[in-house]
Amino acid sequence: MGKGPSEGQRAASGNRKIAPTLLPSLPFALHELQFQEMALIRNISDTALLAAVYRARESERADPLFRDPFARRLAGDRGEDIARSLVFSEKNAWSWFTRTYVFDQLISKQIASGCDLVVNLAAGLDARPYRMTLPPSLKWIEVDLPEITDYKEELLKDEQPRCELERVRLDLADMAKRRELFAKLAADGQQVLIISEGLIVYLTAEEVGALAKDLSQQASFRHWLLDLASPALLKMMQKKMGKPLEQAAAPLKFGPEEGPDFFKPYGWRVIDAHSMFHAAGRLKRLPLLFTFFYHLNKSEAFQAKRPWSGACLLENVSSTNG
């Protein structure tokens, strides 16, 4: 994943802004601005900046669902630039901070139930080890690419995590190395929770299946918390915000017809699923028009032909059979 914003990059970002009153007489400049906005996302790591922006905005509300005092620092100016350039994402910002809240709640429940090791795959700029109430004895492993990990580590170097925290620099696409890592981590915990927030939508079905199989082969990997999109939502996102992601070699790919049942052949069963739309409705974070539809249809069930996203908690079949 890519490095975060430098002072030079922030200065360049400021220099390319064009006064709105001049835009009608400067078509070439407008074209150049549009091109630069599309190029703001350089690689998949930059989506971590986007997620941090929405965590920061929610934290700065008078009535926040959660508090992440590190999000604004981690997002930087480029995070805001990226967010403003993605109109669809801005209109649906509720889905970003709702996902954070729901994941927080499910993680807390797992820890209260005896989870002794959390493994966060593609951890990005997540700051949960620093901001959540956690047992000091809990082990937390973050796995991500070297550059985004270096960037995060530098910005948080003076902060103290609330549990035992370790960072592993690894490209999860390297199947041999990830299997080696999974085997090592499986021996470090008895009730392990895997988190992959905002990861699998960027993978193909074959890649997700291979990852699911690799994880399920470790019996101590008891649960896996992930977010999932329906085919209808995937198609909508590809249309509305797919172009800049494709240009950054981070296209949106995964939205299975089977929904959460996709994971059954790979050794996982669904034990909990929460619709982001309905969770946002209960939390009073939906826009007015969406609130109307929320009250109209209270069903949280996955529907392939409708835009649906959810936080899904899976259980490892091998861990229960063993």
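What follows covers a strand and its partners, a group of aromatic rings, and a pocket.

## About the model

Please keep in mind as you read that this is a predicted model.

Let us start with strand S7, which spans residues 309–316. Is this strand mostly covered or mostly open? Strand S7 is mostly covered, with 7 of its 8 residues buried.

Strand S7 pairs with strand S5, residues 221–229, through 7 bridges, and the two run antiparallel. To find this pairing in the view, look for Leu 225, whose bridge partner in S7 is Leu 313. Strand S6, residues 268–275, is also joined to S7 by 7 bridges, again in an antiparallel arrangement.

## Aromatic rings

How many aromatic pairs does the model have? The count comes to 15 aromatic pairs. One of them joins Trp 224 and Phe 263: the ring centres are 5.4 Å apart and the planes meet at 75°, so this pair is edge-to-face. Trp 224 belongs to strand S5, while Phe 263 sits in the loop between helix H11 (231–247) and S6, so the pair ties together parts that are 39 residues apart in sequence. Both Trp 224 and Phe 263 are buried.

Phe 263 also pairs with Phe 262, again edge-to-face, at 5.2 Å centre to centre and with 85° between the planes. Phe 262 and Phe 263 are both buried. Ring pairs link these residues into a cluster made up of Trp 224, Phe 254, Phe 262, Phe 263, Tyr 266 and Trp 268.

## The second largest pocket

Now for some empty space. Rolling a probe the size of a water molecule over the atoms shows where such space is left. The second largest pocket has a volume of about 500 Å³. Its lining consists of 23 residues, and those nearest its centre are Asp 171, Leu 172, Ala 173, Leu 199 and Leu 203.

Which elements each supply at least two residues of this lining? They are strand S2 (139–144), helix H9 (175–186) and helix H10 (205–216). H10 gives the most, with 4 residues. Sorted by class, the lining of the second largest pocket holds 17 nonpolar and 6 charged residues, with no polar ones.

Key
Residues are numbered from 1 along each chain as its sequence is written. This is a predicted model: local features need pLDDT of at least 70, side-chain atom pairs count only at pLDDT 80 or more; totals for chains, interfaces and linings use all residues. Side-chain values use heavy atoms; hydrogens and water are left out. On a 1 Å grid over the protein atoms alone, a cavity is a set of points where a 1.4 Å probe fits but cannot get out, and a pocket is an open set with protein on both sides within 12 Å along at least five of seven lines; lining residues have an atom within 4 Å of a point. Grid points are joined across faces, edges and corners, and a volume is the space filled by probe spheres set on the points. Ala, Val, Leu, Ile, Met, Phe, Trp, Tyr, Cys and Pro count as nonpolar, Asp, Glu, Lys and Arg as charged, and the others, Gly among them, as polar. Buried means under 20% relative accessible area, exposed over 50%, partly exposed in between (1.4 Å probe, protein chains only). Two strands pair if DSSP finds at least two bridges between them. Rings of Phe, Tyr and Trp (its six-membered ring) pair if their centres lie within 6.5 Å; planes under 30 degrees apart count as stacked, over 60 as edge-to-face and the rest as tilted.
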